[in-house]
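Please look over the sequence and the model shown here. The paragraphs after it walk through selected parts of the fold.

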Amino acid sequence: MPKLKLGIPKGSLQDATIALFERAGWRISVDGRSYFPSIDDVEIECMLVRAQEMARYVEKGVLDAGLTGLDWVKENDADVQSVTSLTYSKVSRGKVRWVLAVPEGSPFQKPEDLAGKVIATELVKSTERYFAEKNIPDVKVEFSWGATEVKPPDLADAIVDVTETGSSLRANRLRVIDVLMESETQLIANKKAYQDTFKREKLENLSLMLNAAIAAQSRVGLMLNVATENLTAVKEQLPALSSPTISPLSDSLGFALNTILDEREVRDIIPRLKAAGATGIVEYPLSKVVL
C-alpha cells in the first residue's frame, strides 16, 4: 500500500498542529519517547521533525511533505513545492515577522548604523543575505541557541528575532528598526513526491480539510425563523458578505434562515435580528468550513 511520509513540527507548533489535524479529522498520538507518532490513517506515516529542519528533510526526500514556516524554507534555501499556507498557532494567528531590534537606549536608528557590529539570531543565512543586499559591510552574524532577546548589549549589538505582537521585545526593552520578512506556516512537499498521483491527491485532500478546520475556528453557524413580513428587515441585519440559505417553513407563514458568521459579530447581530422580528435564534459551533 502506498503511503505519504508526513513531517509534523516538533516543538512550539507540535500541540497546535496535532489539535488542528484532529479538528480536520485525523487523530495523531505521540509517544513521548518516539519520533514516529501514530495516526488513524493507514495511508500516512508521521515523523516528528523540528520546524527549522523540516524543509531539508522534505527537499532530500526523507519526507514526502511536512509543515514548517516559510522563513525556514528560505533559511534552508530549500527547493520544495508549497501546497498551501496554514495560518494557525497555539491559539490563532496570521503572519509572524522577523525583525531587526536594538536596545531602547541604543544609538542605532537604522540598519546602516550596524556596519561592523554583531547580530545574534537563529536565522543566520537570511540575516546575512539581508545585510548583503543592503550593502552594509562587516556585519558579524552569530547563531543564537535561544533567549535571543537577552543578548544585547553585552553579547550582541542587535538581534534578528521572530515576533507576533512585539510584547516580548518590549518586555526586554528592545525596539524594532526594520522588518526582514513575514512568515506563516506552510504545508510543503518534495517536488518528486508531488508529481506522484496518489501523494498529490492525498496532500490536496489534507490541504482542503486542514484549511476547512482553520476557517471554522473563527466562525459560527446561525439559524433562525422569520415571518414573511419581516424577512427583508432581518436580512438587512446580516453582514453584506453573508448569504443565508432561506427555506420556507412547513406552515407557509415564514422562512428558516441558516448562515455562517464571524464569531466576533454575533454578539451584536443577534439583538438586532431579534428586534427585526427573528425568532428561534440558535447559534452553533462549526468543525469545518470549506471556502
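This is a predicted model: local features need pLDDT of at least 70, side-chain atom pairs count only at pLDDT 80 or more; totals for chains, interfaces and linings use all residues.

Residues are numbered from 1 along each chain as its sequence is written, and side-chain values use heavy atoms, with hydrogens and water left out.

Helices and strands here are DSSP runs, numbered from the N terminus (helices H or I, at least four residues; strands E, at least two). Helix α1 covers residues 14–24 and packs against helix α7, residues 197–217, at an angle of about 100°, the axes being 8 Å apart. Axes are lines fitted to C-alpha atoms, for helices over the stretch in contact, and angles run from 0 to 180 degrees between N-to-C directions. The angle makes α1 roughly perpendicular to α7; angles of 65 to 115 degrees count as such, those under 35 as roughly parallel, those over 145 as roughly antiparallel and the rest as oblique. On the α1 side, Leu20, Phe21, Arg23 and Ala24 meet Leu206, Met209, Leu210, Ala213, Ile214 and Gln217 of α7, where contact means heavy atoms within 4.5 Å. Eight of the residues in this contact are nonpolar, one is polar and one is charged. In this division Ala, Val, Leu, Ile, Met, Phe, Trp, Tyr, Cys and Pro count as nonpolar, Asp, Glu, Lys and Arg as charged, and the others, Gly among them, as polar.

The buried residues of α1 are Gln14, Ala16, Thr17, Ile18, Leu20, Phe21 and Ala24. Buried means under 20% relative accessible area, exposed over 50%, and partly exposed in between (1.4 Å probe, protein chains only). Their cover includes α7 and the strands β1 (4–10), β2 (28–29), β4 (44–50) and β5 (65–69). Glycine 25 follows α1 and has a positive phi, near 120°.

Helix α4, residues 124–133, buries Val124, Ser126, Thr127, Tyr130 and Phe131. Seen down the axis of α4, these residues fall within an arc of 170°, so they line one face of the helix; the arc is that of the directions from the helix axis to the C-beta atoms. Ala132 and Glu133 are exposed on the face turned away from the buried side. The elements against which the buried residues of α4 pack are α3 (70–75), β7 (96–103), β8 (118–121), β9 (140–143), β10 (158–163) and β11 (174–183).

Four aromatic pairs are found in the whole structure. One of them joins phenylalanine 21 and tryptophan 26 edge-to-face, at 6.4 Å centre to centre and 70° between the planes. Tyrosine 130 and phenylalanine 131 have ring centres 5.0 Å apart and planes at 80°, so this pair is edge-to-face. Rings of Phe, Tyr and Trp (its six-membered ring) pair if their centres lie within 6.5 Å; planes under 30 degrees apart count as stacked, over 60 as edge-to-face and the rest as tilted.

Valine 176 lies in strand β11 and is partly exposed, at 39% relative accessible area. Beyond its neighbours within four places in sequence, valine 176 contacts Val99, Leu100, Ala101 and Leu169.

Most residues other than glycine have a negative phi, and most peptide bonds are trans. Aspartate 138 has a positive phi of about 60°, and arginine 173 has a positive phi near 60°. The peptide bond from proline 152 to proline 153 is cis, with omega near 0°.
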